[in-house]
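Okay everyone, thanks for coming.

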Amino acid sequence: MNRRNTAGNDGVWSGTWVAERLGVELLGGEELTGLLGLALRRNPKRAHLLVSNVLGKHVPQSPSVVYGHGFALGRRVRELLGEPEAATAVVLGYAETATGLGHSVADGLGPATYLHSTRRPVPGLAPAGGFEESHSHATSHLLLPEDPALLSGDGPLVLVDDEFSTGNTVLNTIRDLHSRHPRRRYVVVALVDMRSPADTARLDEFAQEIGARVDLVAAASGTVRLPDGVLEKGQALVARHETATLPAQRTRGRVTRVDLRWPRGVPDGGRHGFTPGHRDRLERALPDMTARVAEALPGTARRVLVLGFEELMYAPLRLARELEQVVAAEVRYSTTTRSPVLAVDDPGYAIRTRLVFPAHDDPADGPGERYAYNVAGAGFDAVVAVVDSAADTPALHAPDGLLAQLAGHTPHVLLAVVPSYVPAPAPSPERPRMLPEPLRGPAFSSYAPEEVGWLLQDLSDVTLEAPTEEREEAIQSGGAHYAESLPVEYQPSEQYQELFQAALDASADRIARAVGAVTETVLAERSPRPVLVSLARAGTPVGVLMRRWARFRHGLDLPHYAVSIVRGRGIDANALRWLADRHDPADVVFVDGWTGKGAITRELAQAVREFEEKEGITGFDPEIAVLADPGSCVRTYGTREDFLIPSACLNSTVSGLISRTVLRADLVGPDDFHGAKFYRELAGADVSGVFLDTVSARFPEVADAVEQAAKELLSADRTPTWEGWAAVERISEEYGIHDVNLVKPGVGETTRVLLRRVPWKILAWSGAGADLDHVRLLAEQRGVPVEEVDELPYTCVGLIHPRYTRGATGADGKAVNG
């Protein structure tokens, strides 16, 4: 039997069954019976339950209808407050039932920050408030904003619940918060206001008592008339009917996991606060996430349910609403719940069927039953279960768990997991928090002070340089890490400087296009106001150019910093801590010049993961944005061509006169930034500004081409293939090196080998032209052979001499020819 669980589908009001047996009446306008049905629950405080048909909790409903009701209420609040006050409002929703409704109200209100109460405590996070919901089966609400100042402002506080029955919950909330942070105005919002005249008067008196204005906005209003003895009669009815069996399981459906690729740093909901910036990032990510769900659905599905999880209502609602727009199937939305409700398979009863399963998010109040209503027997061809990662536990996948229960009633179950947002912990009293402000030119670097702030310490007075061969031997023998010393700065010959200038003139257009394309991609996908953080030092000229493009094309004045990352040692954790103190980590975009085999890409991902685990500071996206990605290691790039980027041709004299970064225990303490040197004495040879200005001057003439390139990139499949890494592994074995760290692919990396390391030989693609003129010149000057190779995936590859490595001898013990 196919049961469609929406009100009125059988021509019978879904409160008829309870009304006839208990004498419960809804008094009010005709819209009440469209919005509400009735059910019974085992609760010593209140037997009846008003079941909303438009909330998306117990009754599967069109997600557009659910979201539309909340959004419309938000618009009404905006009109009530006026634009100035609406801009300062904070919206507070109630767990668990109204978390999605409150979030939808916040969307309708406009640029409002949203918070909802929760029953899930977070170790180490002190509550900013709490209150009791007297009639609920689970009463204690916690307020756990990541930013405690969220509830201390003087703008309006908008409180959202699905229904007002007595108003006690609202009174308890306002009493608690007003005692801590008084404010002038409150607005309470509900789908239905079912208070008695006495309850209404009580709220008015309370408002006068605290000296604040309290307004009410509701979609409908009325009252519930309860006859004498209704609680006892209701409990008897529940006892008589609660042994009813579920519809027989008709199938054992298949469970498939869908990777949403939820945007890093965007909270899963309003449990700890959800800002307008979070909303912007979610809006941009929704189409791609929805497309992944749509692709995973069977093509034959005609009726699909997106099922949220307890307090996690908004994320699945937004996914369902987007899905409704892109698939031919009928899409419905509801969520699981803690609330125990009697199920009666009757057209005049609001809860037709009930699935029962154990809690699967390790709740603070211990194990217990959870429920999904009106799912079994509803004719769904597929169910998309959306949970947060805290609930993706063995209990979810157990034989009696939610997924198994769903699979017994639908042939296809998709599981989508949203990362549980964990707020950063309070600063540790043991750690010094006063990290220095970034270094800036002209005191440190030849860049203008607004172009970049260096999150480094100045080691200019320390002698760190060592002969190249000496460094190479120490590095390869394990006696020292490459970041513990610096190579002697290469001073280019006049001929080489001429090559640099010729290369710059020839490639400025191509670089300008790549700069524009990668910047537009970042603005479209990562953040509308990103914080550029370049990986010193190769990434820094690119970060400056991206900043210049954003200013040229969009009038944006983006912050830009440079930080140190060291292969094998990770990123500077103190720099990340400084950034998190001053910016939203979700807005941080790491920038580098190019990818080779992708070692730094992997290094950054691991370093950010370890930083989050150790510090508890989350939100940094480790994906690097690069000018060129010949190794196919990242999704955010300007081009995947391997061409000459002139900033790779030189060392400090094209990078603001800054050295490589240094990490040495006797110079860099646990609470220090990594170090670097400023080579002021090389000012006469500095072409850092020449490089930037030459490329920037081409911005106007490449603007149209950039617009087209950005459109193509944003619509393309940019999934990394890591083909560069595979090529490096092959070359390492073919040439008997057996160490991928000694194989440096791409024009930029090959140039570095020739400038800083002990090169063995250069592999050059036989079709390469002027892009390799400087490589050939450097190789000639250093006596390094250049070997022409067909079908090389890069323009060139530099091989570091394996003299001091295990790769210096083959399996037979003989030395590798060099």
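First, the wording: buried means under 20% relative accessible area, exposed over 50%, and partly exposed in between, with a 1.4 Å probe and protein chains only. This is a predicted model, so local features need pLDDT of at least 70 and side-chain atom pairs count only at pLDDT 80 or more, while totals for chains, interfaces and linings use all residues. Residues are numbered from 1 along each chain as its sequence is written, and side-chain values use heavy atoms, with hydrogens and water left out.

Now, how many salt bridges does the structure hold? There are 40, where a salt bridge is a side-chain nitrogen of Lys or Arg within 4 Å of a carboxyl oxygen of Asp or Glu.

Take Glu20 and Arg21: their closest N and O atoms are 3.8 Å apart. Glu20 is exposed at 61%, and Arg21 is partly exposed at 40%.

Next, Arg318 and Glu283 pair up at 2.9 Å, N to O. That links distant parts of the chain, helix H10 and helix H9, 35 residues apart; helices here are DSSP runs of H or I, at least four residues, and strands are runs of E, at least two, numbered from the N terminus. Arg318 is buried, at 2%, whereas Glu283 is partly exposed, at 30%.

Finally, the glutamine. Gln61 sits in the loop between strand E3 and helix H3 and is buried, at 14%. A polar atom of the Gln61 side chain lies 2.9 Å from the backbone oxygen of Asn53.

Conventions. A polar contact is a pair of N or O atoms within 3.5 Å; within protein, one must be able to donate a hydrogen and the other to accept it, and residues adjacent in sequence count only if both atoms are side-chain atoms.
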